[in-house]
Amino acid sequence: MESRHSLDHILLLVLCGLSSLCQCSATGVEANQTAVLFVNASEASAKKIPDTLFGIFFEEINHAGAGGLWAELVSNRGFEAGGPNIPSNIDPWSVIGDESSVIVSTDRSSCFERNKIAVQVQVLCDHTGANICPDGGVGIYNPGFWGMNIEQGKSYKLVLYVRSQEPINVSVALTGSNGSQKLAGGNIVAADVSNWKKVEILLEAKGTDPNSRLELRSSRKGVIWFDQVSLMPMDTYKGHGFRKDLFGMVKDLKPAFIRFPGGCFVEGDWLRNAFRWKETIGQWEGRPGHWGDVWNYWTDDGLGHFEFLQLAEDLDALPVWVFNNGVSHHDQVDTSSILPFVQEILDGLEFARGDPTSTWGSIRAKMGHPEPFNLKYVAIGNEDCGKTKYRGNYLKFYSAIKAKYPDIKIISNCDGSSSPLDHPADLYDFHIYSSASSVFANARHFDSAPRSGPKAFVSEYAVTGNDAGKGSLLAALGEAGFLIGVEKNSEAIEMASYAPLFVNENDRRWNPDAIVFTSSEMYGTPSYWMQHFFKESNGATLLSSSLQANPSNSLIASAITWRNSVDNNDYLRIKVVNFGTTTVTLKISISGLGQNSLETSFGAIKTTLTSSNVMDENSFREPNKVSPIKAMLEEVSDSMDVVLAPRSLNSFDLLRKSISSSVDTASY
């Protein structure tokens, strides 16, 4: 094989010499470019990729959880979003009826100690007499998060708390957006609700409307209090509360880990609004909820500490808990006063990992999960390295956690890729948001990063700005080039995740994002589909490879071997990004293969992510405009030519061992 490689080098030099007669384009990519990729498939030069390399990062941003992955349909279900003082704003709840028939206000009469606000509906009209209620009655309605997606034939569980000094007859209904079409309904009839009463009703939809609303009405004069009004679909994933379609899109990425719950969401603009795990566990009705002052919306924390751990388990992903270290965007706790914060995190670890008889483990067990969760990674803060109190606080958390849980890997916010950390850590955080060309060029950032000591956790990466739009092909290509660099430097990198994961189209706080959704629809951006090219890399074998091209700054490639769990076959996957604007003919030369170990007659698949315009995006109208396209490779050998379209991400899966005739190598 050595002599053939020498010949390939000579051919490449000849081709490069000929092409040098042509004028270079402004992008530095030459017309009719030809390149050679040398892959050494021998075991001697191969390296195992960490099982944890590619995962996901969930942050409560863009209504990712509240009104998104968390399937609760009622927005501001406890009437707490307006704050603890009265009178308060109950938005998006609205009044049904006019001032002559109903008055709606708030008071602090709730039976739940940590969320005292309840809504009071004073019905002024009646079913008889001079002031007769309008048809259907008066009351309040909730439109959910920009519409409730109610689907015919599906069931929805309504739970609410009600109180009145008089007997009540309250109609509940799921209606179309203007209230005219009734999709489902029921009644709450009670003679004695002088004390708060919990009511549960199962509503079966007789029609479909993605912009539905929930109505509570009465035609009987009197005063009725409502609190903690929840409406959940009955078909959430495993009954755990996760919206099935969005969960499925995440599951399809095969994430090795999930970092949660943020991000800046963890820090808060001010500490009083930071995510505090103890406020998010136990019965959902008693959770106070909080104002996320970084992304400026209310969350009732139905998606809390327990649910995040459950989500990780359901995804078969390792949980990576990011917690507040006494530092927000605008205030900090002095290290001399940090020990209560440290104890709070130790309690949170006991909740996740403790025996079901332990103080906090017993609460987890009561919530339905007696077995400990597999929590092995924690991050002390988010993007706090430059804050004056960070290092002092960090060391207090580090020492306390290691003393009690020595197996937990601790992640520092400080970047150790260029210079050593001045404090102990198992991993260090690295974030990159930049232009497509900059992110692509950063594929080599970790070439000289330390191979011993703390490993890198690239917990947030994405192309942003003008190159990104709302999720462009150009952004995906820049990120793909970067991830190939991550893959090739996986000796120094343990984890990597894109950010952000979700955006509700009605509340874009950040562009771009991987998955876009409304109450009823969803699609993946090119960056989402780009990640599918890397989902088989976790635990795979990285092969030694070298790319020779002139110029070389528009191409990047890697090679791995992996086993397909669907057909139990072994594949050699080559990934190449052509970041340039012209077609490239790539000669792939593979050495180190055993005799007859490459199936040449069938089983080879080329998958391409590209489009006619590099700024093309997906949309609800064209959800798959930029998505992977598969094609069979007709000629397969250890020395073959393939064509790379301009501005494209490509993978080539070559069957190494013929166990079956299946050719479906992976689901993109």
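pLDDT is the predictor's confidence in each residue, on a scale from 0 to 100. You're looking at a predicted model, and its mean pLDDT is 92, with 93% of the residues at 70 or more. The chain has ten helices and 34 strands. Here's a quick tour, from the whole chain down to single residues.

**Where to be careful**
- Residues 1-30 stay under 50 in pLDDT, and the model gives them 34 contacts beyond four places in sequence.
- Residues 659-667 also have a pLDDT below 50, with 30 contacts beyond near neighbours in sequence.

**The chain as a whole**
- A compact globule of 668 residues would have a radius of gyration near 26 Å, and the chain's 28 Å agrees with that.
- Taken along the principal axes, the C-alpha atoms fill a box of roughly 100 × 60 × 50 Å.
- Of the 668 residues, 58% are buried.
- The chain exposes about 25700 Å², and carbon and sulfur atoms supply 50% of that area.
- Take the contacts between residues at least 6 apart in sequence: 76% of them join residues at least 24 apart.

- The side chain of Asp384 makes a polar contact with the side chain of Asn325, at 2.9 Å.
- Beyond four places in sequence, Asp384 is in contact with Glu267, Asn325, Val327, Tyr390 and Asn413.

**The loop between β3 and β4**
- Pro84 is in this loop, which runs between β3 (54-57) and β4 (94-96).
- With a relative accessible area of 54%, Pro84 is exposed, because the cut-off is over 50%.
- Pro84 touches Arg108 and Ile117, leaving out residues up to four places away.
- Pro84 and His290 are 206 residues apart in sequence, yet 11 Å apart in space, C-alpha to C-alpha.
- Asn62 lies in the loop between β3 and β4 too, and it's buried, with a relative accessible area of 0%.
- Asn76 is another residue of that loop, buried at 4% relative accessible area.

**Backbone features to look for**
- Most residues other than glycine have a negative phi, and most peptide bonds are trans.
- Asn62 has a positive phi, near 60°, and Asn76 has a phi near 60° as well.
- Phe260 and Pro261 are joined by a cis peptide bond, with omega about -10°; Pro261 lies in the loop between β15 (257-260) and α3 (264-267).
- The peptide bond from Asn511 to Pro512 is cis too, with omega near -10°; Pro512 is in the loop between β24 (502-504) and β25 (515-517).

Notes: Residues are numbered from 1 along each chain as its sequence is written. This is a predicted model: local features need pLDDT of at least 70, side-chain atom pairs count only at pLDDT 80 or more; totals for chains, interfaces and linings use all residues. Side-chain values use heavy atoms; hydrogens and water are left out. A polar contact is a pair of N or O atoms within 3.5 Å; within protein, one must be able to donate a hydrogen and the other to accept it, and residues adjacent in sequence count only if both atoms are side-chain atoms. Contact means heavy atoms within 4.5 Å. Helices (H or I, at least four residues) and strands (E, at least two) are DSSP runs, numbered from the N terminus. The radius of gyration is taken over C-alpha atoms; the globule rule is 2.2 Å times the number of residues to the power 0.38. Buried means under 20% relative accessible area, exposed over 50%, partly exposed in between (1.4 Å probe, protein chains only). Accessible areas come from the Shrake-Rupley method with a 1.4 Å probe; for residues, only the protein chains shown count as cover.
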